[in-house]
Amino acid sequence: MTDTTADAARPPRFPELVPLTRPTVEADAGLASAIEGILRSGMLTNGRHVREFEEAASDYLGVGHAVAVSNCTTGLMLVLRCLGLTGDVVVPSFTFMASGHAIDWAGNGVRFAESHPRTWTLDPDAVAPLIARAAGVMAVHTFGAPCDADRLQELCDTKGIPLVLDAAHGFGSRYPDGVMVGGKGVAEVFSLSPTKTLSTGEGGLITTNDAALAAKLRTAREYGNPGDYDSRFVGLNGRMTEVSGALGGHALKGFARWIHLRRSLAERYRTRLGGLPGLEFQEVPAGAVSSYKDLGVRVDGARFGMTRDELAERLARENVSTRKYFSPALHQQRAYRDVPVDADLSVTEHLASSMITLPLYSHMPARLVDEICDLIGELHAARRSIQRGSGGRAS
């Protein structure tokens, strides 16, 4: 498609950049007082506020134990090390790089598996042939949609290996049986970074119903030191700061309201764009609830009239941020080019080449969603008009 002189000369639709995401933080006198108290106390790490946040989070998620850590990647590393796994861990290639990095840093091999073409999460049918030679499975709640943890658990049970859930995107999601994400597998690990549905600035949260594992994780995040400076095993510094703990506890109080608003915005996108040919949304399993950490859209260029990359470029010209998640896929990244691939990853590669995420944050104005949807509709109509005028060929 060739832009007209008028298109090139006119100002962008949005005068200021529309961000892909923003942290939703309600600053008030109570939070300011808590942070001031932390600074005055001199106890800046892993103190009262962290413990209170862990207790509040475990209550909210309905799990036995919550262990706060410095970030999700560290949490995944600690879980894998504490489980003492030896060998390869199966992981979807359609995921953020941290999933694979954690496996490698924990001393395990990465074994890539395919994602389901509609849910975009780890496909149990693709995992089944890999179980016999696996030391564990790490599944991912892609964009907040719960993976099929029950089927994956059944597969892991046949071999007696653990299922670890990378729940970086999943705070606030629910499984089809009503269980909150956080309560399945041997452990689930959340990210609490600024792009997530619940943020502590930077941070992570490990949830488990295994008391022994929780106790080991609490020691592991302190270098493996139980308090007497005689380390029992090789741990690392994975502690959460007190300010992060205070931010988490404060954010959790209003979380139910904000996650409800976020879902309504995601549904607004889906309703407004659902009628456009060539745009496909993630299938959330029946009965399940997604956190919609990201609003992913797969673009079929032939049907929509422009490719994913063309759509991203046109939106960028109008000051709308997007991201090509997850492109390249993990097995295509330079860090993993020496890792053998012994599975069909054609679905993953197709998703990676056609996926785009649109702006979404919990306090995003609904009118902004409508304006972005209007813009995408106009871009589609304009491209189709040009194609019709050129006999079906884009100029």
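This is a predicted model: local features need pLDDT of at least 70, side-chain atom pairs count only at pLDDT 80 or more; totals for chains, interfaces and linings use all residues.
Figure 1. Strand 8 and strand 9 (residues 295–299) run antiparallel and are joined by three bridges. Phenylalanine 281 has valine 297 in strand 9 as its bridge partner.

Figure 2. Seven strands form an open sheet in the order 1-7-6-5-4-2-3, and the pairing is mixed. The edges are taken by strand 1 (65–69) and strand 3; each has a single partner strand, so one side of each is left without a neighbour in the sheet. Neighbouring strands here are turned by 20° against each other on average, direction ignored. In general, the strands of a sheet pair through backbone hydrogen bonds, either parallel or antiparallel.

Figure 3. Strand 6 (residues 187–191) and strand 7 (residues 204–208) run antiparallel, joined by four bridges. Valine 189 has isoleucine 206 in strand 7 as its bridge partner. Helix 5 packs on the sheet and touches strand 2 (88–92), strand 3, strand 4 (136–140) and strand 5 (163–166). The direction of helix 5 makes about 150° with that of strand 3. Helix 8 (residues 211–220) also packs on the sheet, where it touches strand 1, strand 6 and strand 7. The direction of helix 8 makes about 20° with that of strand 1.

**Figure 4. The largest pocket and its lining.** The volume of the largest pocket is about 310 Å³. It is lined by 19 residues, of which Phe96, Ala98, Ala168, Ser191 and Lys196 are the closest to its centre. Helix 4 (72–83) and helix 5 (97–105) are the elements that give two or more residues to the lining. By residue class, the lining of the largest pocket comprises seven nonpolar, eight polar and four charged residues.

**Figure 5. A salt bridge between arginine 10 and glutamate 318.** The side chains of these two residues meet in a salt bridge, with an N to O distance of 2.6 Å. The pair links distant parts of the chain, 308 residues apart. Arginine 10 belongs to the loop between helix 1 (5–9) and helix 2 (29–41), whereas glutamate 318 belongs to the loop between helix 12 and helix 13 (346–354). The count of salt bridges in the model comes to 26.

Figure 6. The peptide bond from tyrosine 325 to phenylalanine 326 is cis, with omega near -15°. Serine 327 and proline 328 are likewise joined by a cis peptide bond, for which omega is about 0°. Phenylalanine 326 is located in the loop between helix 12 and helix 13, and proline 328 is also in the loop between helix 12 and helix 13. Tryptophan 120, a residue other than glycine, has a positive phi near 70°. Tryptophan 120 lies in the loop between strand 3 (109–113) and helix 6 (124–127). Most residues other than glycine have a negative phi, and most peptide bonds are trans.

Notes:
Residues are numbered from 1 along each chain as its sequence is written. Side-chain values use heavy atoms; hydrogens and water are left out. Two strands pair if DSSP finds at least two bridges between them. On a 1 Å grid over the protein atoms alone, a cavity is a set of points where a 1.4 Å probe fits but cannot get out, and a pocket is an open set with protein on both sides within 12 Å along at least five of seven lines; lining residues have an atom within 4 Å of a point. Grid points are joined across faces, edges and corners, and a volume is the space filled by probe spheres set on the points. Ala, Val, Leu, Ile, Met, Phe, Trp, Tyr, Cys and Pro count as nonpolar, Asp, Glu, Lys and Arg as charged, and the others, Gly among them, as polar. A salt bridge is a side-chain nitrogen of Lys or Arg within 4 Å of a carboxyl oxygen of Asp or Glu. Axes are lines fitted to C-alpha atoms, for helices over the stretch in contact, and angles run from 0 to 180 degrees between N-to-C directions. Contact means heavy atoms within 4.5 Å.
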